[in-house]
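I opened the model and kept notes on what I looked up.

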Amino acid sequence: MENIALFELLAASPLAFVITTFCISLLVGSFLNVVIYRLPIMMEREWQRDIEQFQNPDKELPPAPTFNLVKPDSTCPNCQHKIRAWENIPVISWLMLGRKCSGCANPISARYPAVELLTAVMSAVVAYQLGFGLTGAAFILGTWLLVAMTFIDLDKMLLPDSLTLLLLWIGLGISCFDSTISPIDSIIGAIIGYLILWSIYWAFKLLTGKEGMGYGDFKLLAALGAWVGWQHLPIIILLSSVVGAVVGITLMFIKKKDSNLAIPFGPYLAAAGWLTMLYGDLIADWYLSTL
């Protein structure tokens with residue numbers, strides 16, 4: 001009965017839903033910091049183990065040490081001090097500790113609370129725009145996935161299939177219940193989204209002999225196409241390309257590097273996709289009115 005009363009409160013009060021979403025997403029943002037750090041390591045260790053097994057097919061490999069999103073417990077990378085519960089409160093613990101580890105006084109990166117706040121603010125915006133319901137919940141989950149993928153790509157230039165494919169299937173699934181996009185538009189959006197970047201990749205490779213982007217970018221745009229439909233894919237491509245070009249040129253001047261500077265494209269796709277998921281119609285109307 002208490003759960004039913006809570007759902008009724010969240011459905012009846014937009015403010016309560018936004019505040020609840022913000023608080024829950026702060027906690028989720030703390031977990032996303034773990035995902036951002038550990039998931040690439042888990043993938044690298046699995047790849048290394050597969051290579052060892054392939055090179056030594058008759059050799060039985062020893063059990064790998066436990067390392068996943070839950071175990072081992074979080075520790076300071078400098079002194080291995082175990083992070084206690086009160087030291088893991090989103091944003092607040094970082095401020096209470098004076099931005100330093102309680103064990104060795106090593107500085108704690110400001111990115112940890114930044115990811116938590118970014119996750120909470122973006123999720124609260126989704127809750128405010130879409131309100132309480134299945135669609136709002138799905139878009140909040142999609143926001144969490146995009147935040148995780150953005151920072152993993154920034155760190156490792158990698159977009160894990162476990163995240164991009166989950167985003168894809170949620171997008172296709174929600175189209176069956178969300179009246180704003182039909183399942184047909186969602187499916188076509190996923191197909192065209194993948195083929196657009198796949199075609200650009202191969203055209204660039206045939207012309208230059210170089211790889212201009214990774215396969216993860218194809219999958220991410222396919223996933224975003226499932227959320228926004230094929231009609232809004234041009235908005236995502238335009239926004240991400242313009243911002244990516246500006247940032248890339250700026251970095252070349254600042255770091256004084258040549259045009260071969262590798263820049264992850266996933267963060268720009270994710271940002272443009274999130275904006276289009278929420279404001280695609282408004283952006284399209286504004287663009288057409290300016291023409």
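I count angles under 35 degrees as roughly parallel, over 145 as roughly antiparallel, 65 to 115 as roughly perpendicular and the rest as oblique. Axes are lines fitted to C-alpha atoms, for helices over the stretch in contact, with angles from 0 to 180 degrees between N-to-C directions. Helices (H or I, at least four residues) are DSSP runs numbered from the N terminus.

This is a predicted model, in which local features need pLDDT of at least 70 and side-chain atom pairs pLDDT 80 or more, while totals for chains, interfaces and linings use all residues. Numbering starts from 1 along each chain as its sequence is written, and side-chain values use heavy atoms, without hydrogens and water.

Entry: helix packing. I looked up helix 6 (residues 161–174) against helix 8 (residues 215–228); their axes come within 7 Å and cross at roughly 20 degrees. The two helices are therefore roughly parallel to each other. For contact I took heavy atoms within 4.5 Å. On the helix 6 side I noted Leu167, Leu168 and Ile170 among the residues involved, and on the helix 8 side Leu220, Ala223 and Trp227 are included.

Entry: aromatic pairs. Rings of Phe, Tyr and Trp (its six-membered ring) pair if their centres lie within 6.5 Å; planes under 30 degrees apart count as stacked, over 60 as edge-to-face and the rest as tilted. I found 7 aromatic pairs in the structure. Phe139 and Trp227 are edge-to-face, because their ring centres are 4.9 Å apart and their planes stand at 90 degrees. This pair links distant parts of the chain, with Phe139 in helix 5 (residues 134–156) and Trp227 in helix 8, 88 residues apart.

For accessibility, buried means under 20% relative accessible area, exposed over 50%, and partly exposed in between (1.4 Å probe, protein chains only). Phe139 is buried at 7%, and Trp227 is buried at 5%.

Tyr215 and Phe218 make a tilted pair, with centres 4.8 Å apart and planes at 45 degrees. Both lie in helix 8, 3 residues apart, about one turn of the helix. Tyr215 is partly exposed at 37%, whereas Phe218 is buried at 0%. I also noted that Tyr194, Tyr201, Trp202, Tyr215 and Phe218 form one aromatic cluster.

Entry: backbone. The peptide bond from Lys71 to Pro72 is cis, with omega near -5 degrees. Pro72 sits in the loop between helix 2 (14–55) and helix 3 (92–96). In the loop between helix 2 and helix 3 I also found Val91, a non-glycine residue with a positive phi near 65 degrees. Val91 is buried at 16% relative accessibility.
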